[in-house]
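These are my notebook entries on a structure that I am reading for the first time. I begin with surface charge and then turn to strand pairing.

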Amino acid sequence: MNWLLRWPEIFLAVLVAAFETYRFGPASTPGVVHAIWTPQRKLEMRNQVRDLWYHGYTSYMRFAFPLDELAPLSCMGRGPDWHIPENIAYNDVAGNFSLTLIDSLDTLVVLNDRAGFEDAVRQVINSVSFDVDTKPQIFETNIRVLGGLLSGHLFASRPGQPFHLPWYRGELLTMAHDLGQRFLPAFSTPTGLPYARINLRHGIPAGESIETCTAGAGSLILEFATLSRLTGDPRFEKAAHKAFFALWNRRSDIELVGNRVNAWTGDWMYPQVSSVGAGVDSFLEYALKWYILSGEHEFLDVWNESYAAIMRYSRSLDGLWYRQVHMTTGDMAYNTMDSLSAFWPGLQVLAGDIESAIKTHMLYWQLWKRHGGIPEVWDMSYKQATSLQYPLRPEFIESTWYLYRATRDPMYLDIGKTVFSDLLLRAKVECGIAGIQDLRSGALEDRMESFVLSETLKYLYLLFDEDNPLHSDDSNYVFTTEGHILSLERKYLKPPSAMLRQLRRAESPQCPAYEPPYFVGADYMPGLYVGVRSRADFDYARFLVSTALSDGDEMWWHPNGWCTIPVVDHFTQEFILSVDGKTVVEDTSPSLEKIYAVSDGFMVKSITGIRTRIVSRLDGKGYDVSKLGPHIVHTGQTVYINDTTLATTLGGGKETQTERRRVDVQLRIFIDFVDASSYIPSIVGGLVSDAVFTAYSGLFAGNPSIPVPARGRSLRFGQGEGVGLVRDVANPTGCQAYTQTFADEAILVRRGGCTFLEKLMRAHEVGASGVVVISDSEVAVNPSASVEDLKDVGNSLDDVAVVVLRKSDGRQVSAMLDMAEDHHVGRVVLVLENPQRDTASPEQEPAGEQSRFAGNSMLYINGHALLNTRLLV
């Protein structure tokens, strides 16, 4: 067909059409064309956000300062509720210390307002004192006030940047130290967990409640440790560190923490529920962020273990939301989620799990579309909000900013525009910006929380400010849970001990780059990269929330499109290992004769009875072992398996030691160009023409590891100079009878439709040398067949082989075939790289802790490649 030869022109037309679709917003009126996101349009949106921020800030300074908060409907200020001390809704945050001004200091930096920043610093120095008879919550005062002072100090004191104030003499840091000292009496408990509240003048009053939450007691390390590093006073960091690990060390057997705890006894309090929302949220956030800021690995360990447990127990089966579960069993406790949990996608981006973040954020976006804000509590069972207040919280906007920076998908700018329009329409009043009391009626609350200026509008401004210096800052800076910017210079970082350097020298966290969705073309036609809006599960999020269709929704639909119900793979699994696969009793305390530490990981001499936890890698390449019995396997460490009974088991089957089958092989696949003039570089414009891929060989039929076996027929698959790689458009899965014959070519097919054995038999019947199967996932899969089916086949398939490619690798190979077929530039060739030709004796364990261990084979469990393992037998 002639049109196939003109695919570049067709592809360009499709690309232009796809580009034009972004000219319409998600809620646009049909027939009205909106501007695309040009740099000028982003600047215009940024400036509109800036104007709204200054409307709130100047209103506070005019009507409320030096009080804590602005009451925008009354056009007056508000401080603590002196008449009702039990009114914690106000008294937990309002401590009579000009809260909103301090909380806004570094937003003036983000807005590039040096004059405003300097004036605000002077106002804080001249007006604020912490010698006040108020009892605020330590957590809220820490994140809003202490964090604001520290961030302001860092910018005012550092020379060589625009916000350095030559006259400044560390006054904000002195104030922060004074406030920190007033906090310290709260930590005088047997557990080290602080009381939730303290009187800033008199300390802990008699009869003070001993109940606190995990987030409140465990989210102090960023501010407290920064204060200690800057002042040289270690008391604050020690107190926060002790409180953090007092909670973590009381986690359940399934690695979950609860949300309410007795600060005096350390006992978890009813209902012992764990989630990513209120009560737990910032504890998880600070584990990751303090590792980023300080490099202290024990906090990364807490994050990794917590995240694995959350993904196993709290994540819903569709992967779009996170449930409240019982901390000891993982069973669902409540089918609700709260607005604070909207921060979670942003934290997932920071941790490198962008795919999971996109899914969760889609759900919150549907909530926003339905309500014009994020309701405080949402019930997934009834698909209804049970608390419809929206005090202009920042968490959803924060996650939107993180996702845009990671994906650069313009959908997130569209979301930001919708959020801004809703805030402008619903919350802006004459004297400031008011929280929304009821999202249904639009009734407003006479309160502008300080986080509106310190977080909500800060993140919205950053979303549109492409050239903000923070976006090119590759330092260790982090945003605190209140949106304050903290960073530590190298001189304030603690070098790891010699022992820690030895144990953790191979640290290698994963942070894979984002790859947009790719739709495979029908009948092997070229595919298309698309945006988040075009994901097959995007509309499923709308179904979960029961969001009504907007006027602009149908423009994203197509008669040939589809909506899928997402199914996620297990993020983590546990097994009790045995040599022969039979059930054995767990060895809960393995001796050094079974497992011991080596310089870069662990040596396992006997696998029997060892409980092993595997965790999905964020780069999609398989799994890593994260725990062996009682031992945590850190990122970058290797698990060496040297159990000699495995060698006996592996050598006792049909294949001899020489013929032992490798579970993965290296395939070089390239285009053999017909002449030099048609040659293109191996990688051009993202298109690969020559590459080596890891393929997963079948556990039956020909053995790619042994091209010339000691008995049986020689394998033709990928031998010598290679074989051609072809495909049959009329038989994409290889499950039907072929209508043509092949001359030792390998056939590329898709997974599904029939068994691996049937695919190989069909190919063998028509003279192919083997089958290359493109998987439907990134998980390693070794093709297998039942014993009964193999009895019928006998040795008839010994001269053909079947291998599986990961989905992403298969995509590249398909693109090679597209190029070769459409442009007639040559044929695609498959070659086995370095097949085993000699008898290899099992590697022996080297002597000495510093030796490099040999061996390239990995351990596989239930078809999962464990990439941080090495088999030495």
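Entry 1. Before looking for charged patches, I note the rule: a patch is made of residues with over 30% relative accessible area and no salt bridge, and like charges are joined within 9 Å. I also note that this is a predicted model.

Entry 2. I looked up where negative charge gathers on the surface, and I found a patch of Glu758, Glu788, Asp789 and Asp792. Which helix gives the most to this negative patch? It is H23, residues 787-793, with 3 residues.

Entry 3. I then took up glutamate 788, which has its place in helix H23. Is glutamate 788 buried or exposed? Its relative accessibility is 54%, and exposed means over 50%, so I record glutamate 788 as exposed.

Entry 4. I turned to strand E23, residues 623-628, and checked its burial. Of its 6 residues, 6 are buried, so I describe E23 as largely enclosed by the rest of the structure.

Entry 5. I traced the pairing of E23 with strand E22, residues 611-616: the two run antiparallel and are joined by 5 bridges. Across this pairing, aspartate 624 in E23 stands opposite valine 615. E22 and E23 form a hairpin with 6 residues between them, and glycine 620 in the turn has a positive phi of about 75°.

Entry 6. I followed E23 to strand E24, residues 631-632, which is antiparallel to E23 and joined to it by 2 bridges. Lysine 627 has isoleucine 632 in E24 as its bridge partner. This hairpin has 2 residues between E23 and E24, and in its turn glycine 629 has a positive phi of about 55°.

Key. Residues numbered from 1 in each chain as written. Predicted model: local features only at pLDDT ≥ 70, side-chain atom pairs only at ≥ 80, totals over all residues. Heavy atoms only, no water. Patch = residues over 30% accessible without salt bridge, like charges linked within 9 Å, V, L, I, M, F, W, Y side chains within 5 Å. Areas by Shrake-Rupley, 256 points an atom, 1.4 Å probe, with all protein chains shown as cover. Salt bridge = Lys/Arg side-chain N within 4 Å of Asp/Glu carboxyl O. Lys, Arg positive; Asp, Glu negative; His and termini not counted. Charge placed at Lys NZ, Arg CZ, Asp CG, Glu CD. Helix = DSSP H or I, 4+ residues; strand = E, 2+ residues; numbered from the N terminus. Buried < 20%, exposed > 50% of the residue type's maximum accessible area, 1.4 Å probe, protein only. Pairing = 2+ DSSP bridges.
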